[in-house]
Amino acid sequence: MLSFALRRILQALAVLAAVSAAAFALFYAAPADPARAACGPRCDTGQVAAVRASMGLDQPLLTQYTDYLTGIVAGRDIQDVDGSTLHCDAPCLGYSYRLHQPVTEALVDHLPVTVSLAAGALAFLVVFGLGTGFVAALRHGTRTDRLLSGFTLIGASVQIYFLGYVAQWGLVYTTGLLPLPSYTPPATDPAAWAGGMLLPWIVLGFVNSAVFARLSRSQLLETMDEEYVRTARGKGLGRLRAHLKYTARGAAGPLVQLLGLEAGALLGGAVITETVFGLNGVGRFATEAVEGQDLPAVVGAVLLAACFVVLFVALADLVIAWLDPRIRLG
Amino acid sequence: MTSSSATAPESDAAASTTAVPATGPVPADAASPPASAPAAGSPVLSVRDLSVSFADPRGDAPVHAVRGLSFDLARGEVLGLVGESGSGKSATGLAVLGLHDPRTTTVTGSIRLDGQELVGAGEQALRRVRGGRVALVFQDALTSLSPFHTVGAQLAEMYRLHHPGAGRAEARRQAAAMLDRVGIPAARTDDHPHRFSGGMRQRVMIAMALLNNPDVLIADEPTTALDARVQDQVLDLLGELQREHGTAVLLVSHDLGVVAGSTDRTLVLRGGREVESAPTAALLAAPREPYTKALVGAALTLDSVPGTPLPTVDDPSPAPRPTPRLRSGAAAAGSGSATGGRWLVEVEDLSVHFPGRRRFPGTRSEPVRAVEGLGLRIAPGETLGLVGESGSGKSTTSRVLAGLQPATAGTVRYDGLDATRPDRALRRRLAKEVQLVFQDPYASLNPRRTVAQTLETPLRLHTALGAGERRQRSAELLEQVGLPADHLDRYPHEFSGGQRQRIGIARALAAEPRLIIADEPVSALDVSVQAQVLNLLMELRERLGVAFLFVSHDLAVVRHFCDRVAVMHRGRLVESTDRDRLFAAPHTDYTRELLAAAR
């Protein structure tokens with residue numbers, strides 16, 4: 001177990017190093033000149049050169065990269081365009097010249113929205129996806145099965161910007177069943193938080209649940225034929241209890257794996273959902289950074305998303321190993 | 001909890017059943033079905049006119065697995081239900097427990113457990129029967145025990161399901177006591193099934209089945225997945241517990257050998273119908289029906305005459321071979337005129353290691369030593385049997401000889417040339433002259449290619465025949481293995497398992513090999529089909545003079561088919577000698593143990 005965790009962490013660090021290098025390379029491959037973008041349109045060539053120097057962009061590439069990595073581990077001092085120096089604390093992902101704010105700070109500001117959105121959507125995804133998958137598998141081959149499969153197929157084929165607006169129109173504006181989507185910090189007012197996030201949760205969860213529902217149906221169907229499930233029934237266990245205790249456990253592996261990937265992806269920012277519902281999360285932050293040619297912010301957001309994916313995939317592996325004692329970690 | 005006499009379930013409901021003595025074989029005249037008289041009192045299980053049919057998923061005509069079967073099972077009796085695949089024996093066992101899927105399966109007739117009708121009984125009633133009064137042991141304990149729960153937990157669950165008042169601690173205590181009874185120490189109750197050997201797992205399965213002291217135990221191929229030695233131990237344990245508890249047992253098996261030693265009475269099934277039923281000893285000694293005769297004759301024992309054609313269902317009493325095959329390795333090598341007395345294959349000091357798991361990054365792993373210091377020789381035209389239990393390294397050895405697995409150390413010489421580092425020419429020769437026949441005839445033929453395509457590939461690779469000639473040669477090959485030539489354009493799924501194995505043999509013969517490596521070629525086949533395929537192999541061997549490396553775990557088959565036998569154990573050669581010498585006077589304790597288990 002310990003050696004597994006150790007190897008997994010080394011692996012994760014390697015992946016993150018590769019992602020950071022790629023993101024950093026993007027910084028330079030991009031057509032935009034970060035110095036010109038930071039300086040603004042009215043700068044002359046001399047001013048741009050000065051800004052470039054203050055941003056450290058005149059340094060060799062490797063030096064910049066090592067500075068960047070050092071910043072992540074230990075923090076560093078950064079010069080703003082106006083020449084003032086400020087300290088950027090330990091996980092320093094650079095400095096946004098557009099926002100005049102360290103990238104880490106800006107990301108932390110946007111993170112609660114994204115975490116709330118992702119957590120709720122995942123909860124909906126699990127409950128709804130697993131539920132429909134389980135019922136469809138139990139009623140395999142019947143009309144219920146076909147109906148549920150069709151319903152989840154709608155989720156897979158519909159676009160979130162379409163479903164989002166339709167749901168908002170139907171559930172908020174026309175009927176007033178749900179409050180207008182908005183973000184209230186849960187610490188301030190938990191009810192308002194849940195109410196404001198409910199519609200985004202449902203929409204994002206539903207759209208992402210199709211694959212999960214289909215996979216859980218096929219996994220459960222496959223596991224139902226396992227001999228240990230037949231043994232469980234032969235012991236005198238009822239059908240439902242046998243399936244809940246044995247079939248579900250046997251089917252869990254790939255589902256947990258998928259869930260790990262989904263969680264990582266959603267925490268990296270759900271751009272479209274955030275845009276549709278006017279939520280100011282990491283996804284919105286990233287799109288705005290791209291539009292504003294704010295490359296440090298873009299690289300920071302990319303790294304954060306990669307971190308989440310790597311973390312949750314590793315977490316999923318641990319859960320799978322815990323669920324199935326046959327899997328030897330190491 | 002270490003006391004071996006602690007039989008867990010005795011505390012509650014044992015009084016009614018433990019008093020019943022074990023039943024010996026019933027008199028022969030009482031055997032006519034379905035009135036076969038139970039030994040004492042009313043039968044505990046009474047099956048009348050049972051039919052089981054499965055609806056075809058594509059809506060075609062239903063498949064009738066069991067048709068009008070009737071039998072009685074007396075208290076404490078052991079009844080063998082024998083048949084080949086598709087005979088309906090497993091379907092019968094599942095029907096007793098009502099475990100068929102009601103949406104796809106129709107069960108009619110009557111199954112009475114102590115007078116209580118089980119066909120059409122409600123789910124609640126059936127759940128009390130399952131695991132409480134009728135328990136099941138399946139073939140493969142690895143797949144039928146839950147891999148996710150400890151063996152102790154699985155037994156405890158079984159106990160609590162039928163003792164609603166019992167607490168967790170009580171259930172755990174009972175589970176541990178029962179595991180102890182079957183020889184699983186208390187310290188291992190918290191282990192998961194995959195940590196046990198095959199035999200231990202089947203002990204766990206048996207312990208679980210008998211935990212609630214059921215009236216009837218249905219054992220569906222309980223030892224088929226086990227090595228012969230372990231098989232014996234498990235059957236002994238089953239018999240011991242059965243006598244101790246007075247449980248009636250329905251022993252479902254395809255293997256007459258298993259049934260012979262452990263049942264009172266045997267019922268032979270074919271196509272869902274009863275063929276005949278009699279006390280086991282009488283049935284084996286004097287089978288009445290031709291099918292039973294063939295089945296008994298086809299089942300090889302260590303007493304059958306080696307090399308003789310085996311009786312089959314179509315030909316129950318084949319003509320004996322005109323000249324007995326007599327060959328010893330040395331004699332064959334000496335008389336091999338074409339090769340000037342050379343061995344065809346010489347293996348010296350062969351070792352094959354597989355990389356083991358690394359525990360920490362950068363640490364060195366301990367390799368798995370599959371084969372260690374092995375030496376073998378095969379003369380031209382000779383058949384060498386390679387025998388061993390699972391994991392002994394016999395398949396790895398055969399893979400090295402086939403050129404599919406590089407050797408870690410040692411040499412393999414083919415026709416005097418170094419085959420571990422073959423040049424182009426030798427590699428071409430090996431590809432042509434060494435052919436393979438595999439165990440599973442379902443997995444080893446490409447389902448998307450017709451028989452003609454399968455047979456013509458080696459012809460195109462290894463001969464200069466034109467398209468028309470290849471087709472004609474394929475037809476000849478097919479006829480050579482006893483299949484009509486007009487089957488050439490069929491696909492593998494249109495053939496039965498035995499026919500597929502014939503196609504696999506025809507494919508091996510296409511390149512006109514000098515050595516055929518056959519890895520368990522008849523293990524996946526039913527007894528009567530096994531006899532047909534063995535007959536075919538013996539005939540071809542005689543006609544074509546091919547040498548065989550015949551890998552098998554089945555000593556009776558090896559004794560019947562092979563000239564010389566090499567015994568492997570844990571990657572090493574234990575002994576290697578002439579067939580007759582090995583079976584008459586084995587040199588090592590290990591071989592003696594193997595032989596004793598095969599008796």
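Two residues are taken to be in contact if their C-beta atoms, placed from the backbone, lie within 7 Å. By that criterion, residues 24 or more positions apart account for 65% of the contacts in chain A with a separation of 6 or more. The model is predicted: local features need pLDDT of at least 70, side-chain atom pairs count only at pLDDT 80 or more, and totals for chains, interfaces and linings use all residues. Residues are numbered from 1 along each chain as its sequence is written, while chains are lettered from A and ligands numbered from 1 in the order in which they are written.

**Chain A and its domains**

Chain A contains 13 helices and four strands; helices (H or I, at least four residues) and strands (E, at least two) are DSSP runs, numbered from the N terminus. Along the principal axes, the C-alpha atoms of chain A fill a box of roughly 80 × 55 × 35 Å. Of its 330 residues, 39% count as buried. A residue is buried if 20 or more other C-beta atoms lie within 10 Å of its own, exposed if 12 or fewer, and partly exposed in between, with C-beta atoms placed from the backbone.

Chain A is divided into domain 1 (2-103) and domain 2 (105-323), the bounds coming from an automatic or database domain assignment. The contact between these domains takes 22 residues from domain 1 of chain A and 18 residues from domain 2 of chain A. On the domain 1 side, the elements giving two or more residues are H1, helix H2 (34-39), strand E3 (95-96) and strand E4 (101-102) of chain A. H1(A) supplies the largest share of that side, nine residues. The residues of the domain 1 side comprise 16 nonpolar, four polar and two charged. In this classification Ala, Val, Leu, Ile, Met, Phe, Trp, Tyr, Cys and Pro count as nonpolar, Asp, Glu, Lys and Arg as charged, and the others, Gly among them, as polar.

**Domains of chain B**

For chain B the assignment gives domain 1 (10-20 + 40-298) and domain 2 (332-356 + 364-598). Their contact takes eleven residues from domain 1 of chain B and twelve residues from domain 2 of chain B. Helix H8 (228-245) and helix H11 (290-298) of chain B are the elements that give two or more residues to the domain 1 side. H8(B) gives the most to that side, with four residues. By class, the domain 1 side divides into four nonpolar, three polar and four charged residues.

| Domain pair | Distance between centres |
|---|---|
| Domain 1 and domain 2 of chain A | 33 Å |
| Domain 1 and domain 2 of chain B | 37 Å |

**Contact between the chains**

The contact between the two chains takes 21 residues from chain A and 26 residues from chain B. On the side of chain A, helix H1 (2-29), helix H9 (227-234) and helix H10 (239-267) of chain A give two or more residues. H9(A) gives the most to this side, with six residues. The side of chain A that touches chain B has six nonpolar, six polar and nine charged residues.

**Strand arrangement in chain B**

Four strands of chain B form an open antiparallel sheet in the order E2-E1-E4-E5; two strands pair if DSSP finds at least two bridges between them. Strand E2 (63-73) and strand E5 (116-117) of chain B each have a single partner strand, so one side of each is left without a neighbour in the sheet. Seven bridges join strand E1 (residues 45-54) of chain B to E2(B) in the antiparallel sense, and Leu45(B) has Leu73(B) as its bridge partner in E2(B). Helix H2 (residues 89-96) of chain B packs on this sheet, touching E1, E2 and strand E4 (105-113) of chain B.

Elsewhere, strand E8 (residues 248-253) of chain B is mostly covered, with six of its six residues buried. In a regular strand the side chains alternate between the two faces of the sheet. In E8(B), Ala248(B), Leu250(B) and Val252(B) point one way and Val249(B), Leu251(B) and Ser253(B) the other way. Strand E3 (residues 78-82) of chain B runs parallel to E8(B), joined by five bridges; Val78(B) has Val249(B) as its bridge partner. Strand E7 (residues 216-220) of chain B also pairs with E8(B) in the parallel sense over five bridges, and there Val216(B) stands opposite Ala248(B).

Methods
Axes fitted to C-alpha atoms, helices over the stretch in contact; angles between N-to-C directions.
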